[in-house]
Amino acid sequence: CVHTENYFVPISEIIAVEETEFNKKQRNIGRWQKMAKLHAFTVYYVKKARNHRWRCSDVTFWCVDEHLCNQWIQALKELLEMQKSRPKQLLVYINPYGGKRQGKRIYEQKVAPLFSLASVSTDVVITEHANHAKDNLFEVNIYKYDGVVCVGGDGMFSEVMHGLIGRMQKDSGIDQNNPKASLVQCNIRIGIIPAGSTDCVCYSTVGISDPVTSALHIIVGDCQPLDVSSVHHNNMFLKYSVSLLGYGFYGDILKDSEKKRWMGPMRYDYSGFKTFLSHHYYEGTIAYQPAKSALGSPRDKERCRTGCYICKKSEKQLAEQHKECGLKHEEGEEEWKVIKGKFLAINAVNMSCACPRSPKGLSPAAHLADGSADLILVRKCSRFDFLRYLVRHTNQDDQFDFPFVDVFRVKCFQFTSKLSEDNESNVLDIGKKRFGQFCRDHPACCCNIVNSTWNCDGETLDSSAIEVKVHCQLMKLFARGIEEPCKDEAASSQSSVEQLL
């Protein structure tokens, strides 16, 4: 087989191999064309560009021997068949309304042709209303699929995640309303094709919000385990969270921005500025259990990257726990730590929550799959100090290096607002959760400070008393984590097209 350039591609990053009709435009092979009829095949492969962007590229090989050409096609296709992690059949949910209403167009123009090229069959569902995908996942035969793909933003991903995890618990007879329940792992991977106004989960697990890159990660069968936090109130299940659970500042931003959806993505800037100026603080009590088994700490420099050894260690610990039933009672025996105070923001993150505006995220050293969350407490401080803290999300300075900021690596925590403590007998009365309290610093102004709202992965939760538990590697994504930039990535790979040819 002949080609004028050298190509080195790992088998794991070949997308497809196809027999190619030779066309006359290829002038550079004139001397071969005179000898005999040429036979060719094209290898489609992943080409890595800057900033974690992937593209589908191709290279064509040719020879005069038809039998030899067919042998290479067959050999390469057999090698691709041996890549058992690759999906063959996918269930796809498209949100046509999310973001800039481009989900359907993005899928049809950028993603579907790649799935077709890689011989991945799909069943596509266009969602028609909120929770359509979630409800549908409780009805379909999910076990015939190798994965579920959602086309949309973080809201669409959350809906698919709730449907898939909920279905697994239902089929296993697990009561989701029990906050102490050990949930069954979901082994059906979720793929995210970003097409929303916010794509935090995609950015934090792939390194970029790009539909083609995400589609290629799905095709090559990447797998990234992910921790999921369950949120309960009074033994009642509320939500699952994989990125941000925020009370105070980020909860208030979300609550205000929900009223201004007509502004588009700009609503977050407007609401953020307005919330910063209001400078509300909230009183409450936080109790948490430290994640003693987790390696590292929120303030170390160990970033979660592809093949992260901290997450791998957690995977081994999880496997050992499944063998020993006695460890289920361990968490109740561990000591709880309690903090009372006035807070501008309470954030719990399962991942860095990085995005283009905040490349490091809310907690740069948070891990995707170590069975813990980073609990960040921002105590009441001056507006200027709070601004200094917020600015550090955009630069390289240590954002936890303030006397009014505390950060802990936890496996579970509980929060109760001062208002709920004062009206303990009324906690079950949902109608009374919104009762305000007079601003103690300015009693004359009669400004009514109500409880804040929880921002749960971009969706509002109004409960002022919640219980949160991190479930180690509860689900899996079609991703590989963020790769370290490498000048010569191919050098370490043993199996390649070039070696074969």
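In which loop does aspartate 210 lie?

Guide: The model is a predicted one. Aspartate 210 lies in the loop that runs between helix H6 (200-206) and helix H7 (211-219). Its relative accessibility is 6%, and because buried means under 20%, aspartate 210 counts as buried. The side chain of aspartate 210 makes a polar contact of 2.9 Å with the side chain of arginine 55. Leaving aside residues up to four places away in sequence, aspartate 210 touches Arg53, Trp54, Arg55 and Pro194.

The contacts of aspartate 210 include Trp54 and Arg55, and strand S3 spans 54-63. The loop between strand S2 (39-48) and strand S3 holds histidine 52. Histidine 52 is not a glycine, yet it has a positive phi of about 70°. With 26% relative accessibility, histidine 52 counts as partly exposed.

Strand S3 also contains threonine 60, a buried residue with a relative accessible area of 13%. Its side chain is joined to that of threonine 42 by a polar contact of 2.9 Å. Threonine 60 and valine 43 are separated by 17 residues in sequence, while their C-alpha atoms are 6.3 Å apart in space.

Asparagine 235, which is not a glycine either, has a phi of about 55°, and it is located between strand S8 (224-233) and strand S9 (236-241). Asparagine 235 is exposed, since its relative accessible area is 56% and the cut-off for exposed is over 50%. Strand S9 covers 236-241, and phenylalanine 237 and tyrosine 240 are both buried.

The structure holds 14 aromatic pairs. One of them joins phenylalanine 237 and tyrosine 240, with 4.5 Å from centre to centre and 50° between the planes, a tilted arrangement. Elsewhere, Phe249, Tyr250, Phe276, Phe386, Tyr389, Phe402 and Phe404 make up one aromatic cluster. A ring may also carry a charge over its face: lysine 380 is placed over the face of tyrosine 281, at 4.6 Å from the ring centre.

Note on methods:
Residues are numbered from 1 along each chain as its sequence is written. This is a predicted model: local features need pLDDT of at least 70, side-chain atom pairs count only at pLDDT 80 or more; totals for chains, interfaces and linings use all residues. Side-chain values use heavy atoms; hydrogens and water are left out. Helices (H or I, at least four residues) and strands (E, at least two) are DSSP runs, numbered from the N terminus. Buried means under 20% relative accessible area, exposed over 50%, partly exposed in between (1.4 Å probe, protein chains only). A polar contact is a pair of N or O atoms within 3.5 Å; within protein, one must be able to donate a hydrogen and the other to accept it, and residues adjacent in sequence count only if both atoms are side-chain atoms. Rings of Phe, Tyr and Trp (its six-membered ring) pair if their centres lie within 6.5 Å; planes under 30 degrees apart count as stacked, over 60 as edge-to-face and the rest as tilted. A charge sits over a ring if NZ of Lys or CZ of Arg is within 6 Å of the ring centre and within 35 degrees of the ring normal. Contact means heavy atoms within 4.5 Å.
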